Structure formats: structure tokens, C-alpha cells
Amino acid sequence: MQLIELKNVYKRYNNGVTALCDVNLNISKGEFVFLIGASGSGKSTLIKLLYRQEKPTSGEVYVGGINVAKLRNGKVYKLRRKLGIVFQDYKLLPKKTVYENVAFALEVYGLKEMEIRKRTIKAIEQVGLKDKLRSYPDELSGGEQQRVSIARAIVNNPKVLICDEPTGNLDPSTSMEIMKVIESINVDLGTTIIMATHDKDIVNKMKKRVVVLEKGLIEKDILKGKYKRESD
């Protein structure tokens, strides 16, 4: 069984826009997949379906064997425990330190303090920020802040890390550093990575699986793909 399956998925918004049209997609455990395409191609909608911010108009969306489209609102939190989500804007709590920002994601689950500390430090080490434990967000560079948000996303050992334009606010050099961190999470932890991006250089250098969306349709699905001009 695939870790993620989309079967004949359509998504039409109330304003009449069809964001996804008969999308079929399978992603296996441990894969690293780029979602690429122009603005409005359906990338963000597809991602939102995975963590149940949106529901499909029709079709089925499975994450870890669960049909998330039929998941009751009161059960969505259980789905999100299995997922890590990283956004373009870092969404850090400005009055909490690096350690506190990452630990906060575990405190809501009521874990014991010793377990929280163990997992938090491990996640912060994974993103290379062990020397910044007591720093506050405004003392960090943009790249460091994004590393904190990645640590927060992986602290609960998710099966899937979903990244929506995680390098969108960063310069090219910092972007590649962030991608090395994300790739290490894929390789070292076995976490499945799904990343929406406009960054051609990253896609071309990484040579991972590339799914090209165009006007809500999957135009191409290439095992080791590039961001070619015709896909812009």
C-alpha cells in the first residue's frame, strides 16, 4: 500500500475555480517528491488536501491508509500528528526561544518533560542549531528561523514532511543549505518529503521525483526530473 494516494481527485472552490481535475497520484514511504508548476496550477491545493485544510469536491485522498476526505473534524488532529508541515513564513513564536518553539509542539500532547527534552534537542541537532537553543527568533537569520520551523515539524517523528515553498523568502545560498537539511531528514530519518516550490535551481540540482501540475492536471511525473522551461 502507498503511503499517500490520490484517486480521481477534483477540487472546485465556491467561486467556480477548478483547482484540481481528476488527479491520481501515489507516493511511497521514503520518497522525496517535488510539486512544481505556475501559480494557480494546483500545488498548494493538493498540499492542503493532505493535511485536511481543504476537502476534495470528489475523489479520495489517503494518507497512511486513512481517507482524510471523510475524516471528521474532531479527528483531524490525529492526522496532523503524523505529519510535519513547513511553510514559507516561519510561524515562530517571537517570545519563545528556539528550544521553547520546538518543545511547544510536543507539550500540547502532554508528554513527560524528560521525553520532551530528549526529542526537542534531537530535532534541533538534526537541523544544525544546537548552539542556538536559547536564542530568540529575532536573533536568528532567515535561514536559521526556517531551520527552527523544520525542527518543530519533525520533533514528533512524522511519517511525512510537507513543505510549501520553504525557501521562498531565502537567498539561493541559504536555500540550498535548507535543502541539505531537508534531504538529510529524508535520508537519515526515512521521512517522506513532499515539497511545492517555484525554485528551478533547487529542483534541477536535487534530481528527485518531479510532479508537474498545470491548470489542475498532472502534466508530467518524472522519477529524476528537472524544472524545464515548458513547465514554468
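Me: How many aromatic pairs does a search of the whole structure find?

Reply: Please note at the outset that this is a predicted model. A pair of aromatic rings is described by two quantities, the distance of the centres and the angle of the planes. Here the search of the whole structure finds two such pairs. In one of them, Phe 32 and Phe 34 lie 5.2 Å centre to centre with 55 degrees between the planes, and the pair is tilted. Both Phe 32 and Phe 34 are buried.

Me: Why is the pair of Tyr 51 and Phe 87 edge-to-face?

Reply: The planes of the two rings stand at 85 degrees, with the centres 6.3 Å apart, so the pair is edge-to-face; planes over 60 degrees apart count as such. This pair links distant parts of the chain, since Tyr 51 belongs to the loop between α1 and β4, Phe 87 to the loop between β6 and α3, and 36 residues separate them.

Me: Are Tyr 51 and Phe 87 buried or partly exposed?

Reply: The cut-off needed here is that buried means under 20% relative accessible area. Tyr 51 has a value of 5%, so it is buried. Phe 87, at 22%, counts as partly exposed.

Me: In what order do the six strands of the open sheet stand?

Reply: The order is β6-β7-β8-β3-β9-β10, and the pairing is mixed. The edge strands, β6 and β10, each pair on one side only. Within the sheet, β3 and β9 run parallel and are joined by four bridges; Phe 34 stands opposite Val 210 in β9.

Me: Which strands does helix α6 touch?

Reply: Helix α6, residues 172-189, packs on the sheet and touches β3, β7 and β8. Its direction makes about 135 degrees with that of β3. Helix α5, by contrast, lies across β6 and β7 and runs at about 165 degrees to β6.

Me: Which residues touch the most other members of the largest nonpolar core?

Reply: In soluble globular proteins, nonpolar side chains tend to be buried together. In this model the largest nonpolar core has 42 residues, and those touching the most other members are Phe 34, Ile 124, Ile 150, Leu 161, Met 179 and Ile 182. Helix α6 supplies the largest share of this core, six residues. Beyond its neighbours within four places in sequence, Met 179 is in contact with residues including Phe 32, Phe 34 and Met 195. A second, separate core of 28 residues includes Leu 25 and Ile 194.

Note on methods. Residues are numbered from 1 along each chain as its sequence is written. This is a predicted model: local features need pLDDT of at least 70, side-chain atom pairs count only at pLDDT 80 or more; totals for chains, interfaces and linings use all residues. Side-chain values use heavy atoms; hydrogens and water are left out. Two strands pair if DSSP finds at least two bridges between them. Helices (H or I, at least four residues) and strands (E, at least two) are DSSP runs, numbered from the N terminus. Contact means heavy atoms within 4.5 Å. Axes are lines fitted to C-alpha atoms, for helices over the stretch in contact, and angles run from 0 to 180 degrees between N-to-C directions. Rings of Phe, Tyr and Trp (its six-membered ring) pair if their centres lie within 6.5 Å; planes under 30 degrees apart count as stacked, over 60 as edge-to-face and the rest as tilted. Buried means under 20% relative accessible area, exposed over 50%, partly exposed in between (1.4 Å probe, protein chains only). A nonpolar core is a set of buried Ala, Val, Leu, Ile, Met, Phe, Trp, Tyr and Cys residues joined through side-chain atoms within 4.5 Å.
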